Amino acid sequence: MSNERRRRTQKRRTRRGRFLRLLVLLTLLSVVALISSGAGLYVALAGNLPSLEAQEEFVAPQTTKVYSGGEAPELLAELHGVENREIVPGDRIAPVMRDAVVAVEDERFYEHQGVDLLGIVRALLTDLQKGEIVQGGSTITQQFVKNAYISDEQTIDRKIKEAALAYQLEKRWTKDKILNEYLNTIYFGEGAYGVEAASKEYFGVHAADLVPAQAALLAAIPKAPGRLSPRVNPEDVLQRRDAILNKMFRQGFLTAAELETALTTPLELAPSRRGGEQRLPYWVELVREQLVARYGSNTVLNGGLRVYTSVDPKRQAAAETAVKTLLDREGDPDAALVSLDLRTGEVVAMVGGQNFAEQKFNLATQAKRQPGSSFKPFVLATALEQGMGPGTVYESGPATLAIEGGDDWRVKSSNLGTIPLSEATARSSNGAFARLIMDVGASEVVRTAAKLGIESELQAVPAIALGGLREGVSPMEMAVAYGSIATGGYRLSGSIAFEEEHPLYPITITRVEDAEGRILDTNRLVKNRVMDSRHAFALTEMLKGVIDHGTGRAADIGRPAAGKTGTTQEYRDAWFVGYTPELVTAVWVGHMDAQEEMTDVHGEKVTGGSFPARIWAAYMKAALEGVEPTDFPKPEGVEWQSVEICVDTGLLATQWCPEVRQAEFLEGMLPERRCDVHGPEQLEVPDVVGLDVALAKEKLQDLRYTVEVIERDGKAKAGEVLEQAPAGGTQLLQGETVTLTVASGSRAKVKVPDLSGLSYEDSLAKLEEAGLLGARSDQPSEADAGVVIGQEPEAGAEAAGGATVTVIVSSGPAGQSTSTTGAGVPVPDVVGLQAQKATAKLKQAGFEAVVSPIAVPEGQEVGRVAAQDPGPGNRAPAGSAVRLTVYAQP
C-alpha cells in the first residue's frame, strides 16, 4: 500500500468520528468566538507576533564538521552548541518516518489548518482541572512554530501566539514543507537535533534509510528525550515504540505483515557518535579555539561550517604510537609531540596528552616548560650572525662569570679542553655556551629566538644560553623555531591569522567552507626570511653532529638529520627537537602537574638523549616511511672548503689523530686551530732485518715512523734489509726516523746457465751462483720425476741480475703419482697478484708464503708476484711454504 493510499484511508477513518464531534461543537462556540472574533483580536496581537515574511528562508542551526587533511579527508569531530543538527530535504527522509510522527503527534495533521480545535479543548479541560498548563494539544505546525520562533515557557499568552503563527504558516507553506522542517528541528536526545542527526546517532544510517521499527522508535523519543533515551531506558522506549507501531497500523500506515516484522525487531543501536569528537580531542580543541576567534562562536557552533585541517592521520597515528609504546608503564611521565611538514608549513601530527577526559590542557601548545640545552641553537644562530663559525673555539670547563649589576654566574661543566663550537654543540658543553653568550649578548639571543619562532616572553639574561627561562616555551614554538633553521632560514606560517596573538602561526586549518560549500578561507603557506641561508646551513651541520657522535645518538634514523637534546636541572624536563629536510619534530617529556624529578623511569634517568630522542626516532622513521632520503641542500653562490677534522675534538686533524672525518666549511668558517689533544707516542720499534724493504717500510710507516733507506752491495738478495737503526725493540717517539740499510743487488746482465738434467735443488744452486732466482713449474714427461726438462729464459740468454728463471721439472709420465703431484693440496695461482693479496690467497688455501724480492724490471709494478714455487696446480703438503718472488724497488 502506497503512502498516499494510506493517508486517504486514514482520512476516511477520521471522518467517521465527525458526527460525535458535532456534539462537542456547542461547547466550543465560545472558544471559536474568541479566536474568530475578527481582525480586532489578531490586530491586537499582531504587534507582539514575530513576522513570517521571511519564513521561506528559515534556516535552523547546523553542525560544523571538522575533517583531517589528505586526499580523502576523514571526519574528526562535529562542533555544535546545544544542537547537533544536519538539515536534509524531504526526499532524504524516509516516508515511514513522516508517517510515524504524524501517527503519534498529530493524526489530524492533513486535515486541520494549523490549529486542532478539538485538541485545544481537550488540553484546556485538563489544564483547568490541574490549575496550570500541563498538556499540550499542539499540532505539528504549532510545535514547529514553538521550536523555531517562540520561547518554550508554558503560558496562555505563548499558546495564543503559537496558534496565531501556526495559522499564518499553514497559509504560506505546504503540509510537506511544514512536516520536513519539523523533522529537521525537533530534539531526539543524545545531543541530536533533527531526524538526520538522530538516525546517525542511534542507528548509524541516513534518515532516508530508516525502516518502520527504527522510525517508530525515533518518533517515541521527542515526548521525553531524557527518559525515553534508548541508551538509558531501552525497555520504556521499546514499549512506546510498539505502541506507535500499532497506531501506524490502525491509521493505515502499515500492513499487518509490516507491523509483525517491526514488532519483532530487536533494539540494535550503533556506537554513539558523541564520542567521535574524542578521536583527536587535542586537535579539535585547538581548531575550535582558532575558529571561534575568527568567526565567532555562533557561526562555529550553529553555522554548519566545513573545516579541513592539516592533520595527517598516518603521521598522527605514528606519533601517538611512539609515545604510548615508549612510555607504557603506570607512573610514567607525560609527553608532548609536534611535527611540521617543512614543504607545506602544516602541522601534521600533535600529541597534547594521553587522556583528554582527565587532562584537557594541551601540553603541545599550552604548556610552557624549561627547554634546557635545546635552547642553545638560538645562541649559535646569534654567534653565526656576528661572524663566528663552527670552528670558533672556547674553553669548555667550569666557569665563574661576572654579571653586570648582579652576582657572579657559576656554571658547572665537564672540562673537555678548548673545543670548537661544533664540538661544544655535539657534546652540549655548558662551559663553552656560557662563555659564548657573554660574547654575543643575551639581548641579541632573545631577538634571534623571537624571529625564528619563539613567541613566549624571554628575559635577556645569560642563563638563557643553557635554557634557564622564567616562563618556558611550548613544543609548538620549538618546532616552529627549529623549522626556521631546517628550511635554510625561512619561518613558515599560514596566510590567515586565526588568532591575533599568534600572527605567524603554522598551518593547522587549511580550508573553511560554509554549509553550502562556498569557500570562506584558504590558508596558504607564507615564507619569511629570518636567517641567512649560509648561517642556517652551518648551524644544521653542527646539529648533525649531535646525532652523529654527540648527546643525541639515540635519534639516529639512518638518514640525514639534525637536532639538539635538552635536559633541565634535576631531570625535570627533557627535550629532543630535530629535523630532516622534510619534517621538523619537537618532543618533550616531563610531569605536567609538578616539577617532578625523572631519575628512575624504566630504570634510568631521563635526559634529552634518552626517551625524547627515542620517541623522536620512532615517530620519524614511521612518518618518513617510503620517503626517499635526501640531504640538506647547500646554499648557492658560496665557496666551500673541505678539510679533515679530528672526530674527538672537532679541530683540524693532525697525523696523530686516531680518527678523522671529512667536513665542508663555508669560506672563513674553518676551525681556528689544529688538534692539540693527540700527539706522538713512545713506541717499540719493530725488528725488520731480513725483510724485503717494501714490507719493512710499510710496517714502520703504519706506526707513524719516518723511514730512510740506504743501499749497500752485498751477497743478500736485492732489497733485503741488512741493518736498521735504531735496532728492533728500541723505544722511539712516533715521527722520528728509522734508517734501513738494504742490499742493492746486481743489476748487471748475466748469462742464464743450462739447467737441463739437473735436479730442482741443484738448478737453484746453479742459478744462485749466477745471481739469478728460480721458480719451479712441474709438467708430465717421459723423463724421471724431479729432473729439469726445460727452462725460461733458455740457456745462454742474458738476464738482469736477480731475475727469476722458471725451472720446468718433470713430474713423470702422465697419470703417474709422485710426491709433488699425487699427494697434498693443490697450490693456487698467485702470479701477477700483489704480494699482500697473494699471501692471503695462499693462507686461505692452507699454505705459508715466503717472499723473495727481486729488482723490478721496467714496465712492472712494485709489489707484484713474478713467480711462485711450487707452481700453480702442483700439490704440496698443507701448511708447507710457497716461495713468492716479488718485484721490489732496487
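Predicted model: local features only at pLDDT ≥ 70, side-chain atom pairs only at ≥ 80, totals over all residues.
The protein chain contains 25 helices and 35 strands, and 49% of its 890 residues are buried.

**Helices H10 and H11**

- H10 covers residues 212–220 and H11 covers residues 234–250; the two pack at an angle of about 115 degrees, and their axes are 8 Å apart. That angle makes H10 roughly perpendicular to H11, since the range counted as roughly perpendicular runs from 65 to 115 degrees.
- On the H10 side, the residues that meet H11 are Pro212, Ala213, Ala216, Leu217, Ala219 and Ala220, while H11 contributes Val237, Leu238, Arg240, Arg241, Ile244, Leu245 and Met248.
- Sorted by class, the contact of H10 with H11 comprises 11 nonpolar and two charged residues, with no polar ones.

**Helices H15 and H22**

- The axes of helix H15 (residues 313–326) and helix H22 (residues 611–623) come within 9 Å of each other and cross at roughly 150 degrees. H15 is therefore roughly antiparallel to H22, a description that applies to angles over 145 degrees.
- The crossing of H15 and H22 is right-handed, and from H15 the contact draws on Lys314, Arg315, Ala318, Ala319, Ala322, Val323 and Leu326.
- From H22, the residues taking part in this contact are Phe611, Arg614, Ile615, Ala618, Tyr619, Ala622 and Ala623. By class, the contact of H15 with H22 has 11 nonpolar and three charged residues, and no polar residue.

**Helix H4**

- Helix H4, which spans residues 95–105, is mostly covered, with nine of its 11 residues buried.
- The buried residues of H4 are Val96, Met97, Arg98, Asp99, Ala100, Val101, Val102, Ala103 and Val104, so the charged residues Arg98 and Asp99 fall within the buried set.

**The sheet S27-S30-S28**

- Three strands form an open sheet of mixed pairing, in the order S27-S30-S28. S27 and S28 stand at the edges and each has a single partner strand, so one side of each is left without a neighbour in the sheet. From one strand to the next, the twist averages 25 degrees.
- Helix H24 (residues 760–769) packs on this sheet and touches S27, S28 and S30, and its direction makes about 155 degrees with that of S27.
- Strand S30 (residues 804–810) has six of its seven residues buried, so it is largely enclosed by the rest of the structure.
- S27 (residues 773–779) runs parallel to S30 and is joined to it by seven bridges; within this pairing, leucine 773 stands opposite threonine 804, and serine 777 has isoleucine 808 as its bridge partner.
- S28 (residues 788–792) pairs with S30 in the antiparallel sense over four bridges, and glutamate 792 stands opposite threonine 806 of S30.

**Cis peptide bonds and positive phi values**

- Most residues other than glycine have a negative phi, and most peptide bonds are trans.
- Alanine 725 and proline 726 are joined by a cis peptide bond whose omega is about -5 degrees, and proline 726 is found in the loop between strand S23 (721–725) and strand S24 (731–733).
- The peptide bond from glutamate 792 to proline 793 is also cis, with omega near 5 degrees. Proline 793 has its place in the loop between S28 and strand S29 (798–800), while glutamate 792 is the residue that stands opposite threonine 806 in S30.
- Serine 428 is not a glycine, yet it has a positive phi of about 55 degrees. Serine 428 is located in the loop between helix H17 (421–426) and helix H18 (430–440), and at 16% relative accessibility it counts as buried, the limit for that class being under 20%.
- Tyrosine 571, likewise not a glycine, has a positive phi of about 60 degrees. The loop that holds tyrosine 571 lies between strand S16 (562–567) and strand S17 (573–579), and with a relative accessible area of 26% tyrosine 571 is partly exposed.

Key:
Residues numbered from 1 in each chain as written. Heavy atoms only, no water. Buried < 20%, exposed > 50% of the residue type's maximum accessible area, 1.4 Å probe, protein only. Axes fitted to C-alpha atoms, helices over the stretch in contact; angles between N-to-C directions. Parallel < 35°, antiparallel > 145°, perpendicular 65-115°, else oblique. Contact = heavy atoms within 4.5 Å. Pairing = 2+ DSSP bridges. Left-handed = near helix turned anticlockwise from the far one by under 90°.
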